[in-house]
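This report describes a single protein chain, shown below. It starts from one residue and its partners and then turns to the rest of the fold.

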Amino acid sequence: MSDRPLQGRAALVTGAGVRLGRAIALGLARAGADVVVHYRASQAGAEETAAAVRELGRRAWTVRADLADL
């Protein structure tokens, strides 16, 4: 079994700039996934999460959106 079971996959993690969302994003990156880091207000945290994903050798993008606003 591969140590990167999500290699070649991408994930969108909402609220990934802080706490649980950050932990999920980093876990997915460790498993081989590229990560889209969503944030509403915590831009600095989202940028830090994206940088940490990149340090793990994965691609990362940040996206700001208020998901409560249709």
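Asp34 is found in strand E2, which covers residues 34–39. Strands (E, at least two residues) and helices (H or I, at least four) are DSSP runs, numbered from the N terminus. The model is predicted, so local features need pLDDT of at least 70 and side-chain atom pairs count only at pLDDT 80 or more, while totals for chains, interfaces and linings use all residues. Residues are numbered from 1 along each chain as its sequence is written, and side-chain values use heavy atoms, with hydrogens and water left out.

Asp34 is buried, at 6% relative accessibility. Here buried means under 20% relative accessible area, exposed over 50%, and partly exposed in between (1.4 Å probe, protein chains only). Leaving out residues up to four places away in sequence, Asp34 touches Arg9, Ala10, Ala11, Arg58, Arg59 and Trp61; contact means heavy atoms within 4.5 Å.

A search of the whole structure finds 2 salt bridges. The term stands for a side-chain nitrogen of Lys or Arg within 4 Å of a carboxyl oxygen of Asp or Glu. In general, side chains of opposite charge can pair when their charged atoms come close.

| Salt bridge | N to O distance |
|---|---|
| Arg58 and Asp34 | 3.1 Å |
| Arg59 and Asp34 | 3.0 Å |

The side chains of Arg58 and Asp34 meet in a salt bridge. Arg58 lies in the loop between H2 and strand E3 (60–64) and Asp34 in strand E2, so this pair ties together parts that are 24 residues apart in sequence. Arg58 and Asp34 are both buried.

Asp34 also forms a salt bridge with Arg59. This pair links distant parts of the chain, with Asp34 in strand E2 and Arg59 in the loop between H2 and E3, 25 residues apart. Arg59 counts as exposed, at 53% relative accessibility. Salt bridges that share partners join Asp34, Arg58 and Arg59 into one network.

Besides this, the backbone nitrogen of Arg59 lies 3.0 Å from a polar atom of the Asp34 side chain. A polar contact is a pair of N or O atoms within 3.5 Å; within protein, one must be able to donate a hydrogen and the other to accept it, and residues adjacent in sequence count only if both atoms are side-chain atoms.

## Fold and core

The protein has 2 helices and 3 strands, and along the sequence they follow the pattern β-α-β-α-β. The C-alpha trace spans about 40 × 25 × 20 Å along its principal axes. A compact globule of 70 residues would have a radius of gyration near 11 Å, and the 12 Å of the protein agrees with this. That radius is taken over C-alpha atoms, and the globule rule is 2.2 Å times the number of residues to the power 0.38.

Of the 70 residues, 34% count as buried. The accessible surface comes to about 4600 Å², of which 53% belongs to carbon and sulfur atoms; areas come from the Shrake-Rupley method with a 1.4 Å probe, and for residues only the protein chains shown count as cover. Among contacts with a separation of 6 or more, 63% are between residues 24 or more positions apart.

The largest nonpolar core has 13 residues, and those with the most contacts inside it are Val13, Ala16, Ala25, Val35, Val37 and Val53. Helix H1 (19–30), E2 and helix H2 (43–55) each supply at least two residues of this core, and H2 gives the largest share, 4 residues. Such a core is a set of buried Ala, Val, Leu, Ile, Met, Phe, Trp, Tyr and Cys residues joined through side-chain atoms within 4.5 Å. Beyond its neighbours within four places in sequence, Val13 is in contact with Gly21, Ile24, Ala25, Leu28, Val35, Val36, Val37 and His38.

## Other residues

Trp61 is in strand E3 and is partly exposed, at 38% relative accessibility. Not counting residues up to four places away in sequence, Trp61 touches Asp34, Val35, Val36, Val37 and Arg54.

Leu56 is found in the loop between H2 and E3 and is partly exposed, with a relative accessible area of 30%.

Arg19 is found in helix H1 and is exposed, with a relative accessible area of 72%. Phi of Arg19 is near 40°, a positive value in a residue other than glycine.
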